[in-house]
Amino acid sequence: MFTRLEWLIAWRYLRARRKEGAISIISLFSLIGILLGVGTLIVVMSVMNGFRAELVSQIVGAQPHIQVLPVDRVEGLKDYDRLADRLREVQGITRAAPRMEQTVMGSSGNGAATGLLVRGIRFEDLLKIDNVADPEWSAGDINNFPNGIAIGEGVANKLGLLLGDRLTLTSPPNRDTPGGRISTRKVYEVVYIFRVGYYQFDNSLVFIPLEKAQRLLQKRDAVDGIELNVAQPDDLGRRNAIGGYPQEDAVSNGLLTLTGADAYLWNWKDSNGAFISALDAERGAMFVILSLIILVAALNIISGLIMLVKEKGQNIGIMRTFGMTRGSVMRVFFICGASIGVVGTILGVIGGILFVVYIQEIQSVVEALLGIDLWPREVRGLSQIPAIMHTEDIVATAAVALTLSLLATWYPARRAARMDPIEALRYE
């Protein structure tokens with residue numbers, strides 16, 4: 001498609017010369033702009049992919065995928081063991097565990113106090129929660145859980161608790177006495193401290209044995225719900241306005257036939273679906289916004305090529321006089337502009353991939369140099385910058401960059417091809 005002569009002429013035009021310094025600078029800035037735009041877009045999309053994946057992993061790893069909740073919260077679920085056995089038979093269910101859950105006040109011996117989310121669960125069911133049984137970090141022995149409680153690392157830090165210390169839990173008023181309704185207060189030994197890496201869980205979650213939770217919350221013959229885990233949590237659908245689920249969500253629809261009118265379902269997407277959808281929408285908006293960087297660089301290509309065409313007007317007239325066709329002239333300038341776009345895109349893809357691969361090391365170096373925390377856990381909810389590259393994102397980014405570059409090249413190249421050789425040589 002392109003002859004050797006066209007490549008040779010285009011290469012000579014791309015090389016810097018003293019009187020064409022402005023053109024060369026514009027071309028260089030265009031290349032750098034495309035490089036930075038492509039690289040930045042790959043990095044940002046990868047970080048957002050990683051953030052979403054890590055967030056979903058921490059959510060579904062430390063909380064139930066589906067909860068079967070009683071319609072009457074005061075009475076709770078009766079005959080819960082039998083119901084749990086029936087729910088385990090639904091295809092796709094990997095865990096069914098009765099549990100208690102309540103927000104209580106926690107206090108330590110040093111006077112510190114804070115609100116905590118207490119979750120009562122049996123020991124064998126706690127071992128099946130992956131992010132707690134095998135967390136990012138832990139202290140103590142989870143096998144001692146029947147004799148004490150397990151708390152998040154953030155809870156331990158806020159209350160100044162260590163292994164072996166005692167934590168006092170005070171429930172909301174739940175006991176009737178002659179003097180009025182009063183709270184229940186219990187003291188438990190801390191036997192296990194965990195960090196799942198998700199800030200909200202690490203800083204509020206406390207696990208206690210189910211029977212102890214029932215005594216604390218004054219529900220000795222009932223539970224607050226049944227936790228369910230499924231093999232494919234991403235396949236679950238969101239609850240609609242009438243309490244149903246999409247037809248393709250076979251697991252939820254199978255559960256609805258067993259729960260009856262006294263209970264309803266609530267899954268992790270019902271709790272976090274709006275947040276996940278917002279992340280996906282933000283990801284799409286960020287792709288469009290950052291593509292504008294590439295567009296600006298492409299406009300610089302137009303400026304540089306128009307100046308080059310004007311500078312090379314005499315050369316174009318001579319080439320046309322010696323028989324070069326309009327198509328050949330157009331291809332010469334097309335090569336000039338396209339080369340900037342292709343090289344910038346390739347370098348941007350390489351740079352973006354390398355940045356993502358070494359993002360943790362780059363984060364550590366920048367934090368050490370600036371003395372600041374680039375990724376505070378209390379703000380982001382995660383302990384480090386996550387980044388996951390998807391091939392389709394890299395391909396889409398490269399396609400956008402190449403398309404904009406080639407479109408930017410078309411007009412100046414066409415203008416060069418339509419130049420009249422007589423007009424080009426008349427005043428030379």
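Which residues does Leu87 touch, not counting residues up to four places away in sequence?

1. The model is predicted. In it, Leu87 touches Val68, Ile93, Ile226, Leu228, Leu255, Leu258 and Thr259, with residues up to four places away in sequence not counted.

2. Leu87 sits in helix H3, residues 80-88. Its relative accessible area is 0%, so Leu87 is buried. One of the residues it touches is Val68. Leu87 and Val68 are 19 residues apart in sequence, and their C-alpha atoms are 9.6 Å apart in space.

3. Ile226 also deserves a look. Its contacts, leaving aside neighbours within four places in sequence, include Leu87 and Val68. Tyr80, Leu83 and Ala84 are also among them.

4. Next, the cores. The largest nonpolar core has 65 residues. Ile151, Leu167, Phe207 and Ile226 have the most contacts inside it. Strand S9, residues 185-195, supplies the largest share of this core, with 6 residues. In soluble globular proteins, nonpolar side chains tend to be buried together.

5. Is Asn203 buried or exposed? Asn203 is buried, because its relative accessible area is 14% and the cut-off for buried is under 20%. Asn203 lies in the loop between helix H7 (199-202) and strand S10 (205-209). Beyond residues up to four places away in sequence, Asn203 touches Gly154, Val155 and Lys158.

Terms used: Residues numbered from 1 in each chain as written. Predicted model: local features only at pLDDT ≥ 70, side-chain atom pairs only at ≥ 80, totals over all residues. Heavy atoms only, no water. Helix = DSSP H or I, 4+ residues; strand = E, 2+ residues; numbered from the N terminus. Buried < 20%, exposed > 50% of the residue type's maximum accessible area, 1.4 Å probe, protein only. Contact = heavy atoms within 4.5 Å. Core = buried A, V, L, I, M, F, W, Y, C linked by side-chain atoms within 4.5 Å.
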